[in-house]
Amino acid sequence: MDQDPKERLLLPARSAANGPHRRGKPTTPVAGGGAGGGGGGGVAIDVHGLKKRGGGRRSWVRVDAATGASEAVEVAKPALMRRLDLPARDLRLLDPLFVYPSAILGRERAVVCNLERIRCIITADEALVLRDPDADGGAAADAAVRMYVDELQRRLVDRADDLPFEFIALEVALEAACSFLDAQAVELEAEAYPLLDELTAKISTLDLERARRLKSKLVALTRRVQKVRDEIEQLMDDDGDMAEMYLTEKKMRMEASLLDEQGLQGIGNNVFGSSYSAPISLSAPVSPASSPPASRRLEKQFSFARSRHDSFKSSESSQYNIEELEMLLEAYFVVIDYTLNKLTSLKEYIDDTEDFINIQLDNVRNQLIQFELLLTTATFVVAIFGVVSGVFGMNFEDVGVFKAPHAFEWTLVITGVCGVVIFACLLWYFKKRRFFPL
């Protein structure tokens, strides 16, 4: 008896010998730099563990489209590729070992979604949500998976519209991603605006370092939000991609096609049976190929009529469903665009604050330069007194000015007047050259 395809997807439970792969400590390098050492201070990489994690079984949460029931399953990557006709590069987008940006891919039998912490594969019958407790931020990611599954189950139970299952699952994933990104944007705003106001009032090294880290976080978050927005916009601009994502319609057409083929096979068997069961005249020439052409013509007519009916029906329903999916995507495009505008406004405010801080720093730098120039000028004038005192401190016995009374006092007075005149002249020169306003 043939096994159900869904049962082939589910693998038996993981045995004790093949337990969950944990991040192990790096092995100690062998001294001497031999074949097993690789030099001191190196980091050992568990290649076999990476191979098992990359191509082995992973933990998924399966949500049934008909009942909304969820269960934890372990599915191997090759089994998913055979079951859903997905290439390895699509499943690589969901691998936690790799860092890929957000993406939404519509395939023949599934929709692959990588939206922030939600990594799932959506079909017409089920949704497989990846959960990896060993990944970075595993607790938060596991909580996000549980929230996604609970929300999807709630919408399946309280379904009030005729949206197909894949659109409901995609909507929940988009809502989770947009809400998560908007929450991070709100947290960033709550941290940024008080810090920037404080920097505007008083510049400090600690606040500048905090502002630098905050801007790095803002750039990274803006890039992620921009990627989600671009993915939604790309889907909205391509009718073929949107039509490809309507898996329920393709499944119904496939089932109808199989039923029509079975019906045509039954009609063909009846035609062949009736033609060969008819009495054959002895006088008529024996022609074994007299009846099959009639059955083939009848089959061609049925096939042509069926293809015209299917093409008309699919084109009409696809146009309606494309508009339905486009409205759904447009709603979340508005949400993610609002988040992007919020981050853009915050970036502009940060840039304005940086310009203000740079102006303030330039003013402080100019004031320091002016003070240094004044101090250098005053030092030059004071140095004149040092020269005079040094000259009078020497023993020149044959010079009469050193023996005259009050000669030293008059020399200091004259030197002071000359220094003031020199200082005033330098200030006038600096003012004329506009080195600094006075």
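Close-up 1. E326 is partly exposed, at 30% relative accessible area (buried is under 20%, exposed over 50%, partly exposed in between; 1.4 Å probe, protein chains only). Together with D237, D238, D239, D241, E323 and E330, E326 belongs to a surface patch of negative charge. Patch members have over 30% relative accessible area and no salt bridge, with like charges joined within 9 Å and nonpolar side chains (Val, Leu, Ile, Met, Phe, Trp, Tyr) within 5 Å. Helices α8 (239-244) and α10 (292-392) each contribute at least two residues, and α10 gives the most, with 3.

Close-up 2. W410 lies in helix α11 (residues 407-432) and is exposed, with a relative accessible area of 58%.

**Close-up 3. K342, a buried lysine of helix α10.** K342 is placed in helix α10 and is buried, at 12% relative accessible area. Beyond neighbours within four places in sequence, K342 is in contact with D182, A185, V186 and E189 (contact is heavy atoms within 4.5 Å).

**Notes for all views.** Residues are numbered from 1 along each chain as its sequence is written, and side-chain values use heavy atoms, leaving out hydrogens and water. Because the model is predicted, local features need pLDDT of at least 70 and side-chain atom pairs count only at pLDDT 80 or more, while totals for chains, interfaces and linings use all residues.

Methods. Accessible areas come from the Shrake-Rupley method with a 1.4 Å probe; for residues, only the protein chains shown count as cover. A salt bridge is a side-chain nitrogen of Lys or Arg within 4 Å of a carboxyl oxygen of Asp or Glu. Lys and Arg count as positive and Asp and Glu as negative; His and the chain ends are not counted. The place of a charge is taken as NZ of Lys, CZ of Arg, CG of Asp or CD of Glu. Helices (H or I, at least four residues) and strands (E, at least two) are DSSP runs, numbered from the N terminus.
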